[in-house]
Amino acid sequence: MDTPQYSPYYIQINELYIDTVVIDDTEFITLWCFTVLDDEYKFIYLGCDFTQFNQILIGAGDKGKEIALHIANILNNQHESPTLIPIKEQFDDYLELTGFDLIVYEPLAVDDDFEDEFEDDDDLPLEQLLGGGSHSDNTSQKYLIYQLDKLYPSKIFEPEKLQRESLTEQFEDDSLELAQLYYDYLNASENGYSECEARQVAGLEKELFFRMARKAADLWS
């Protein structure tokens with residue numbers, strides 16, 4: 001029996017806080033970081049290639065340039081594979097990327113096969129340091145693994161909030177949220193995603209929600 005072809009499911013994240021950069025002898029990089037998923041900060045592993053990582057560094061501004069020089073110096077000298085570069089430890093803070101839309105593949109939940117690597121609290125993943133897990137629970141610990149597809153500046157489209165006395169406050173909030181989803185769809189479309197993928201990114205796969213979001217965008221335009 002033929003194996004079903006894998007079709008990635010895209011989601012969008014808008015905040016990224018990088019704790020550690022992992023470089024090996026391939027063309028890919030792994031970022032240990034956290035982001036907002038389902039309205040919660042969660043620790044994730046994000047894979048990307050060097051070109052995408054350069055985009056992240058450029059998008060992060062002056063701090064990104066500083067870290068880029070640091071990483072270039074490591075790569076230009078003899079180094080182990082893999083090499084872990086602890087950003088927060090060496091630069092006193094996370095490498096922060098906001099103001100960008102990052103489109104990633106849907107994560108895979110992976111059983112915790114390497115928790116023994118973390119000997120003390122200083123080595124724990126961010127999700128545990130932030131209260132997201134229990135170090136003693138070896139059976140329920142899960143890790144989220146993503147692959148970066150694209151990133152681009154966010155809010156290419158942004159609806160202007162109007163004052164309409166005839167709308168209740170709750171309806172304003174709901175309709176504005178729907179309008180923003182439609183603008184996320186337009187944003188993805190403008191950046192090369194197909195109709196199906198763009199609606200997937202914005203969470204508007206269902207035709208009814210898509211029509212409601214489009215009408216809401218018209219209302220706020």
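What share of the 221 residues of the protein chain counts as buried? The figure is 38%, where buried means under 20% relative accessible area, exposed means over 50%, and partly exposed lies in between (1.4 Å probe, protein chains only).

Before you click around, know that this is a predicted model: local features need pLDDT of at least 70, side-chain atom pairs count only at pLDDT 80 or more, and totals for chains, interfaces and linings use all residues. Residues are numbered from 1 along each chain as its sequence is written, and side-chain values use heavy atoms, with hydrogens and water left out.

**Stop 1: the whole chain.** Switch to cartoon view and you'll find seven helices and seven strands. These are DSSP runs, numbered from the N terminus: helices are H or I with at least four residues, strands are E with at least two. Trace them from the N terminus and the order is β-β-β-α-α-β-α-β-β-α-β-α-α-α.

**Stop 2: two helices.** Now select residues 50–59, helix α1, together with α2, which covers residues 62–75. Helix α1 and α2 pack at about 145 degrees, their axes 8 Å apart; axes are lines fitted to C-alpha atoms, for helices over the stretch in contact, and angles run from 0 to 180 degrees between N-to-C directions. On the α1 side, show Phe-50, Phe-53 and Leu-57; on the α2 side, show Gly-64, Lys-65, Ile-67, Ala-68, Ile-71 and Leu-75. Contact here means heavy atoms within 4.5 Å.

**Stop 3: Leu-75.** Stay on α2 and pick out Leu-75. Is Leu-75 buried or partly exposed? Leu-75 counts as partly exposed, because its relative accessibility is 34%. Skip its neighbours within four places in sequence, and Leu-75 is in contact with Ile-23 and Phe-50. Try the distance tool on Leu-75 and Ile-23: they sit 52 residues apart in sequence and 9.1 Å apart in space, C-alpha to C-alpha.

**Stop 4: Gln-200.** Jump to helix α6, residues 195–202, and select Gln-200. With a relative accessible area of 13%, Gln-200 is buried.

**Stop 5: helix α7.** Finish by selecting residues 207–220, helix α7, and find Leu-208 there. Leu-208 is partly exposed, at 47% relative accessible area.
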